[in-house]
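Here is a friendly walk through one structure, from its sheets to its helices and a loop. Please keep the sequence and the 3D view open as you read.

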Amino acid sequence: MAGRVYEVEGFRIADGIDEAGLRVVRDALLRHSVVVLRDQYLSPVQQLDFTDRLHPVERNPVRPAGGNHAPTPEGVPEIVIMSNIVENGKPIGLSDAGVMWHTDMHGQARPELFGSLSAVTIPVRDGVALGDTRFTRTTAAYDALDDAMKSRLSGLRAVQSYAFYIDELQRRGALSRPPLTEQQRAAVVEAHHPLIRTHPITGRRLIYVAESYTDRIDDMEAEEGAELIAMLCDHLVKDEFQVVHRWREGDLLIWDNCATQHKATFDYGSMPRRLHRCGTTGPVPE
Ligand SMILES: [Fe+2]
């Protein structure tokens, strides 16, 4: 059975956090890959400032070509609202994120290194919070491969594609944003990332393939590549690599977007849910 997300205790970010405190949080994040700080209740600006201290956040980001514009809180374009709430006939946030296992911005040349989610409104039924987020640790999944498989995968590169992601969502009947127009599709830039990646800070190796974004493997026959991707995707989500987060309002969840993949649980129907996400700019994967 999947474990629980590690809780970092003793900090109230809104009251200020010094460099030593920041180091404690960052070290816990790098060791556990995903951590939560309870009872933070951060404003979008406070969340942005704290996330930016963990690792720089790209300010005033231009959303990627081919992407669908995601709603942001007033004046904070670095934060995206994840929500199923509709106000005046208009969705206030993205409601289809996390249907499949993924790592954020996998299809970009420089995917995000860390991410944070601040829980604003969490649905609760009979005293139990709904909408858990599951994480799987891609470093642990790599460690568990046998040596023959590690050497087979070494040096391979795979194509990560935002268009593949949107098409997969549509194929599964889970796309709630508009499908890509031909013009958007033509503008999507695919990323050719190493299939086995080295973490830029910890130096740990990890499997960098996901069911949501990985279209094909470079220089490999399509069928063989598809089989290898499917095998790795099955392996990645074994229970032993997973941790699950049960949300509480006020949570600030932080994850290592390089060392993990995540997936949402859609068990709350139309009960209102709202979270704010922020991501930090990572290096080109190696
Ligand atoms: Fe995500």
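Four strands form an open sheet in the order β1-β16-β10-β18, with mixed pairing. Because β1 (3-4) and β18 stand at the edges with a single partner strand each, one side of each is left without a neighbour in the sheet. A word on terms: helices (H or I, at least four residues) and strands (E, at least two) are DSSP runs, numbered from the N terminus, and two strands pair if DSSP finds at least two bridges between them.

Please bear in mind that this is a predicted model, in which local features need pLDDT of at least 70 and side-chain atom pairs count only at pLDDT 80 or more, while totals for chains, interfaces and linings use all residues. Residues are numbered from 1 along each chain as its sequence is written.

Let us stay with β10.

Is β10 (residues 133-137) enclosed or open? Five of its five residues are buried, so β10 is largely enclosed by the rest of the structure. Here a residue counts as buried if 20 or more other C-beta atoms lie within 10 Å of its own, as exposed if 12 or fewer do, and as partly exposed in between, with C-beta atoms placed from the backbone. In a regular strand the side chains alternate between the two faces of the sheet. In β10, T133, F135 and R137 point one way while R134 and T136 point the other way, and all are buried.

A second open sheet has three strands in the order β12-β11-β15, with antiparallel pairing. Its edges are β12 (191-194) and β15 (214-217), each with a single partner strand, so one side of each lacks a neighbour in the sheet. From one strand to the next, the twist averages 35 degrees, where axes are lines fitted to C-alpha atoms, for helices over the stretch in contact, and angles run from 0 to 180 degrees between N-to-C directions. Strand β11 (residues 157-160) pairs with β15 in the antiparallel sense over three bridges, and the bridge partner of Q160 in β15 is T214.

Now to the helices. Helix α1 (residues 19-32) has 14 residues and reaches 20 Å from its first C-alpha to its last, close to the 20 Å expected at 1.5 Å a residue; the expected span is 1.5 Å times one less than the number of residues. Where do the buried residues of α1 lie around the axis? They are V25, L29 and H32, and they cover an arc of only 90 degrees, which puts them on the same side of α1. The arc is that of the directions from the helix axis to the C-beta atoms. An α-helix has 3.6 residues a turn, so residues three or four places apart point the same way. On the other side of α1, E19, A20, R23, D27 and R31 are exposed.

The buried residues of α1 pack against β2 (6-7), β3 (34-37), β7 (112-121) and β17 (252-256); contact means that the C-beta atoms of two residues, placed from the backbone, lie within 7 Å. S33 follows α1 and has a positive phi, near 75 degrees.

Helix α5 (residues 162-171) has Y162, Y165 and I166 as its buried residues. Seen down the axis of α5, these fall within an arc of 95 degrees, so they line one face of the helix. Just after α5, G173 takes a positive phi of about 70 degrees.

One loop deserves a visit too. P77 lies between α2 (44-54) and β4 (80-83). P77 is partly exposed, with 16 other C-beta atoms within 10 Å. Not counting residues up to four places away in sequence, P77 touches N60, P61 and T72. P77 and P61 are 16 residues apart in sequence, and their C-alpha atoms are 6.9 Å apart in space.

Finally, the whole protein. Its secondary structure comes to seven helices and 19 strands. Buried residues make up 38% of the 286 residues.
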